[in-house]
Amino acid sequence: MSPPTQEALERASQALAGGKLVAFPTETVYGLGGDAGNDQAVADIFAAKGRPSFNPLIVHLPDVAAVERYAVMDERAHQMADLYWPGPLTLVLPRRADAALSLLVSAGLDTVAVRVPRHPTARALLQASGRPIAAPSANRSGHVSPTAPIHVREEFPDGGGGRLALILADGRCPVGVESTVLDLSGEHPVLLRPGSITPEEIEAVLGPIQRAATPGSGVKAPGMLESHYAPGLPVRLNALNAARDEALLGFGPDRFVLGGAERLNLSPAGDLNEAAANLFAMLRRLDKPGLSGIAVMTIPDVGLGLAINDRLRRAAAPRPRDGTG
């Protein structure tokens, strides 16, 4: 791990140019980045994560001009970009026929998921490398997403099989849940993944939007697999109490909630922004041997709570038998 000094950014840029992977912070979570135009580098992202080949990757770019080299932006896309880029918004757009991107990035689709991140280290890396960076969350596929550099090192103790050249360590990610994913490739906007930009905020700009169909069916963007963001322990939602051998993940006042061998609270004050920032780190801390599961108190399904509950439902979903979740 290295702080994002100029020397470290140069080393990271050289690693990307040489087809290696680099982990770096965004405002949402840490990403596992590779050159989006290099087939082998993109394949190595899938291999390091153990990620299903049908799950697309987000391409991170420095600005709208760079996005338009790879994707077709209509008026709706420009409206959303004007308001939310740089920031935690991913747009799924038609991919340009001449886009110099690996076909693996889109997992065989004629669309591409793009984002302009806000985090200064992510922006510095994009600027220094001068290349599009494909970067899913820097964790094993289906595991809890990393919001601190130590989480990345825990996920890849062997450096992703030698593929991960460097972790740019720059503290905790301020948002703490993955970006909102909005599909603008068709006639009607479709919310594929909730995030910190809420459906109400999107509809204030674009009018009514559609919600994605059943998770896992017709995967068009990252984070749509039914079982995802999962700790090793089973997750039980809407818990009113916890068994003696369970961990309890609370929200709001929990002094009357009984049980729990281990107890953490996402936000004692019931603040959804604080809860989102703490979600993945606390799931990791409660994912301990000797416990039977993690009981999670009810989270209001409004605003940022939609994104939190989306992640929790996927964490609680049945695990695929082939281990690709």
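Reader: What is the handedness of the crossing of α9 and α10?

Author: In this predicted model, α9 and α10 cross in a left-handed manner. The contact involves Leu272, Ala275, Ala276, Leu279, Phe280 and Leu283 on the α9 side, and Gly305, Ile308, Arg311 and Leu312 on the α10 side. By class, the residues of this contact comprise 8 nonpolar, 1 polar and 1 charged.

Reader: Why are α9 and α10 called roughly parallel to each other?

Author: Helix α9 (residues 272-286) and helix α10 (residues 305-316) pack at an angle of about 20°, and their axes are 9 Å apart. Angles under 35 degrees count as roughly parallel. The two helices, α9 and α10, are therefore described as roughly parallel.

Reader: What makes Glu246 count as buried?

Author: The relative accessible area of Glu246 is 10%. Buried means under 20%, so Glu246 is classed as buried. This residue belongs to strand β12 (residues 246-250). Beyond its neighbours within four places in sequence, Glu246 is in contact with residues including Arg236, Gly260, Glu262 and Leu291.

Reader: Which backbone atom lies 2.9 Å from a polar atom of the side chain of Glu246?

Author: That atom is the backbone nitrogen of Ala243. A polar contact requires a pair of N or O atoms within 3.5 Å, and the separation here is 2.9 Å.

Reader: Why is Pro231 counted as buried?

Author: Pro231 has a relative accessibility of 3%. The limit for buried is under 20%, so Pro231 qualifies as buried. Pro231 is located in the loop between β10 (210-211) and β11 (235-236).

Conventions:
Residues numbered from 1 in each chain as written. Predicted model: local features only at pLDDT ≥ 70, side-chain atom pairs only at ≥ 80, totals over all residues. Heavy atoms only, no water. Axes fitted to C-alpha atoms, helices over the stretch in contact; angles between N-to-C directions. Helix = DSSP H or I, 4+ residues; strand = E, 2+ residues; numbered from the N terminus. Parallel < 35°, antiparallel > 145°, perpendicular 65-115°, else oblique. Left-handed = near helix turned anticlockwise from the far one by under 90°. Contact = heavy atoms within 4.5 Å. Nonpolar A, V, L, I, M, F, W, Y, C, P; charged D, E, K, R; others polar. Buried < 20%, exposed > 50% of the residue type's maximum accessible area, 1.4 Å probe, protein only. Polar contact = N/O pair within 3.5 Å; in protein donor to acceptor, adjacent residues only side chain to side chain.
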